[in-house]
Amino acid sequence: MLFRTKPLRDYRIRATDDDIGSVKDIYFEDTNWFVRYIVVDTGSWLVDRRILLSPYSAGQPDPSQKVLPVNLTRRQVENSPGIEHDKPISRQHEHALHAYYGWPIYWGHPGVIPGLIPVPPRDLEPPPEEQHYNHHLRSEKEIEGYYIQALDGDIGHISDTIVDPDSWKLRYLVIDTGKWLPGRKLLIATDWVESFSSVEHKAEVAFSRKSIKESPEYDSSEPLSRSFEEQLYEHYGRHGYWETEPMKTAGR
């Protein structure tokens, strides 16, 4: 089951022994759209701490209870390495987090399938001595409002994203078409994005406005069905990811 990201921000994060907070944001890699970290709002429990959790530790979201379970304890989270507020995430911080939790890593090994993050932390190379930031990590909140550029003009802006919790990949961008097509929302698969610019705050797709206008309309009040996905991919003449990707999950 695929989930819209905005509603996930209301989900409580449930450790094995108690709740630890709620989902505040997610960080993904803009090169492949895989979610790398879930940002936790711990409320008054851990003041002035930015907590990042790998989706490797997360289970399936529970929409009936609005809960995202994680296979960690409150003490583990409380004693985890601190991450600085309002700064990019450095590779040193990532090394520290992955070594502390025993998470597999996703960087620095040729041939690694992006969503599998299979390399155990004992094989971590030493972190770089100089502060090295991972500039490909993006906040999902940050890209809301980015414009979508078709071949012949803008079509609207990103109002939400849709995540696949089996692979923890952002599958779709939800597009608010604004004045161009008032009252309509459309989906663009992240795999169809040709370029992505955080400087210009836009993403480009190789489709015409006419083709996008004629694509199936997305109803955000209903769960996204496979039949709708099939219609969408057929409209654009693309093969579905469920046909072309090997079965994989985020580290499992």
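Modeller: A cavity is a set of grid points where a 1.4 Å probe fits but cannot get out. Keep in mind that this is a predicted model.

Colleague: How many cavities of 30 Å³ or more does the structure hold?

Modeller: Rolling a probe the size of a water molecule over the atoms shows where empty space is left. Here the search gives 1 cavity of 30 Å³ or more. The space in the largest cavity comes to about 40 Å³.

Colleague: Which residues line the largest cavity, and how does its lining divide by class?

Modeller: Its lining consists of Leu8, Val23, Ile26, Ile38, Leu68 and Trp168. Sorted by class, that gives 6 nonpolar residues, with no polar and no charged ones.

Colleague: Turning to burial, why is helix 3 described as largely enclosed by the rest of the structure?

Modeller: A residue counts as buried under 20% relative accessible area. In helix 3 (residues 91-101), 8 of the 11 residues are buried, so the helix is largely enclosed by the rest of the structure. The buried residues are Arg91, Gln92, His93, Glu94, His95, Leu97, His98 and Tyr101.

Colleague: What is found just after helix 3?

Modeller: Gly102 sits there, and its phi is positive, at about 75°.

Colleague: On to charged pairs. How many salt bridges does a search of the whole structure find?

Modeller: The criterion is a side-chain nitrogen of Lys or Arg within 4 Å of a carboxyl oxygen of Asp or Glu. Over the whole structure, 16 salt bridges are found. One of them joins Lys169 and Asp191, with 2.8 Å between the closest N and O atoms. Lys169 belongs to strand 10 (residues 169-176), while Asp191 is in the loop between strand 11 (185-189) and strand 12 (193-197), so this pair ties together parts that are 22 residues apart in sequence.

Colleague: Are Lys169 and Asp191 buried or partly exposed?

Modeller: Lys169 is buried, at a relative accessible area of 7%, whereas Asp191 is partly exposed, at 43%.

Colleague: Which residues are linked in a network of salt bridges?

Modeller: The network links Lys6, Arg9, Glu140 and Glu144.

Colleague: Last, a single position. Where is Ser159 found, and what is it in contact with beyond its neighbours within four places in sequence?

Modeller: Contact here means heavy atoms within 4.5 Å. Ser159 lies in strand 9 (residues 153-164) and is buried, at 12% relative accessibility. With neighbours within four places in sequence left aside, Ser159 contacts Lys6, Glu144, Val174, Ile175, Asp176 and Lys185. Among these, Lys6 and Glu144 also belong to the salt-bridge network.

Notes
Residues are numbered from 1 along each chain as its sequence is written. This is a predicted model: local features need pLDDT of at least 70, side-chain atom pairs count only at pLDDT 80 or more; totals for chains, interfaces and linings use all residues. Side-chain values use heavy atoms; hydrogens and water are left out. Buried means under 20% relative accessible area, exposed over 50%, partly exposed in between (1.4 Å probe, protein chains only). Helices (H or I, at least four residues) and strands (E, at least two) are DSSP runs, numbered from the N terminus. On a 1 Å grid over the protein atoms alone, a cavity is a set of points where a 1.4 Å probe fits but cannot get out, and a pocket is an open set with protein on both sides within 12 Å along at least five of seven lines; lining residues have an atom within 4 Å of a point. Grid points are joined across faces, edges and corners, and a volume is the space filled by probe spheres set on the points. Ala, Val, Leu, Ile, Met, Phe, Trp, Tyr, Cys and Pro count as nonpolar, Asp, Glu, Lys and Arg as charged, and the others, Gly among them, as polar.
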